[in-house]
Amino acid sequence: MSLYLVTGGLGFIGSHLVDSLLAAGHRVRVVDDLSTGRRDRVAGPIDLLIGSVTDAPLINAAVADIDGCFHLAAVASVARSNEEWRETSAVNLGGTVTVFEAVARRQGGPVPVVYMSSAAVYGDIEALPLSESGPTRPLTAYGADKLACELHAHVAGTVHRVPTFGLRPFNVYGPRQDPQSPYSGVISIFADRARRGLDIAIHGDGHQNRDFVYVADAIRFLSSAMQAAGVSAPVANICTGRTSRIRELAEIILRLTGSPSTIHHTSPRTGDIPRSQGSPALALQLLGIRAETALEDGLLRLLQDAGENI
Ligand code: UD2
């Protein structure tokens with residue numbers, strides 16, 4: 001049994017990770033500022049520290065006795081990262097450096113840190129599938145900060161001997177994803193509207209596609225990465241390598257829910273990328289796993305889990 005720190009542990013992905021760590025018999029400490037995190041997302045016993053990852057004394061104390069850290073806390077809204085550039089960068093990049101430094105300086109010596117980067121580091125690179133050895137060209141403050149986190153992970157490893165593993169999730173979906181903002185993940189929005197019988201708006205012609213990953217698969221990547229962390233600061237995609245078109249997605253959700261909702265098309269979203277597809281090859285090599293859940297199976301699990309959708 002180990003003690004893990006999960007930053008952002010009351011968020012969408014973080015809360016699923018906490019459940020899985022508790023189920024495996026580990027002890028869990030969570031740091032969460034409750035900005036989007038919700039206490040009722042986690043039922044099991046946790047040591048909860050309410051505060052920000054930018055609070056160095058809090059993070060120094062939080063890492064004192066841990067065996068490893070999963071760093072997921074971030075302002076995940078890409079739109080907000082462009083509107084509130086400095087404030088979100090202080091969390092998304094500054095918070096990561098705070099975590100790395102705290103782990104580097106802890107008395108018992110460094111422990112592994114698994115942290116979330118993002119597929120947003122790729123920006124609008126057109127050569128698909130997107131691979132970790134290929135170029136990065138973030139188009140948003142969020143993506144730029146996540147790429148900088150990967151660079152700081154190298155510093156953590158080479159200068160401070162902190163083993164890390166960075167993960168670049170593509171479009172993760174599942175229960176507990178908040179559908180409320182226009183910038184929420186498309187699946188959470190469509191599922192919510194279909195359930196309530198409200199119209200579904202597709203931005204543009206719906207031919208744009210994404211690589212959708214079911215949240216339980218993302219959790220397996222996080223857990224495996226804890227064993228594979230190293231001072232060479234490896235980074236790998238969390239993706240399926242398969243794509244689905246947005247129009248097709250809307251149709252599947254309507255079919256699975258039996259919803260009376262209708263689909264209509266609006267003007268394309270500014271800056272929307274037409275296609276996104278990750279290469280799963282490096283993750284398979286480094287972690288020995290791939291994201292296996294077929295879209296329709298993941299959607300069924302999400303839709304069956306309506307009650308859990310908090
Ligand atoms: C995700 C991020 C985005 C940026 C990008 C980087 C989220 C929610 N968005 O955008 O901020 O990091 O990745 O690659 O994490 N759509 C509709 N109708 C809706 C909502 C969405 O048609 O009501 C379309 C949208 O125009 C897009 C697709 O669905 O073509 C996926 O949208 P998304 O916001 O879930 O994800 P993405 O990959 O565009």
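Reader: What makes up the area buried between domain 1 and domain 2, and how much of it do carbon and sulfur atoms give?

Author: In this predicted model, the area buried between domain 1 and domain 2 is about 1,000 Å², and carbon and sulfur atoms give 54% of it. Phe12, Arg41 and Tyr214 supply 47% of the area that domain 1 buries against domain 2, more than any other three residues.

Reader: Which parts of the chain are called domain 1 and domain 2?

Author: Domain 1 consists of 3-172 + 213-241 + 278-292, while domain 2 consists of 174-209 + 243-273 + 296-304; these bounds come from an automatic or database domain assignment. The centres of the two domains, taken over C-alpha atoms, are separated by 26 Å, and the contact takes 13 residues from domain 1 and ten residues from domain 2.

Reader: Why is the ligand said to lie between domain 1 and domain 2?

Author: Both domain 1 and domain 2 give residues to the shell around the ligand, and therefore the ligand lies between them. Of the 18 residues around the ligand, those that come nearest are Tyr183, Val186, Arg210, Arg269 and Asp272.

Reader: How much of the ligand does the protein cover, and which elements give two or more residues to the shell?

Author: The ligand on its own has 720 Å² of accessible area, of which the protein covers 82%. The elements that give two or more residues to the shell are α7 (186-195) and β8 (200-203), and the shell residues divide into ten nonpolar, five polar and three charged.

Reader: What is the omega of the peptide bond that joins Leu128 and Pro129, and where is the place of Pro129?

Author: The bond joining Leu128 and Pro129 is a cis peptide bond with an omega of about -5°, and Pro129 has its place in the loop between β5 (113-116) and α6 (141-158).

Technical notes:
Residues are numbered from 1 along each chain as its sequence is written. This is a predicted model: local features need pLDDT of at least 70, side-chain atom pairs count only at pLDDT 80 or more; totals for chains, interfaces and linings use all residues. Side-chain values use heavy atoms; hydrogens and water are left out. A residue is near a molecule or strand if one of its heavy atoms lies within 4 Å of it. Accessible areas come from the Shrake-Rupley method with a 1.4 Å probe; for residues, only the protein chains shown count as cover. Helices (H or I, at least four residues) and strands (E, at least two) are DSSP runs, numbered from the N terminus. Ala, Val, Leu, Ile, Met, Phe, Trp, Tyr, Cys and Pro count as nonpolar, Asp, Glu, Lys and Arg as charged, and the others, Gly among them, as polar. Contact means heavy atoms within 4.5 Å. Buried area is the accessible area (1.4 Å probe) that two parts lose on being put together, summed over both.
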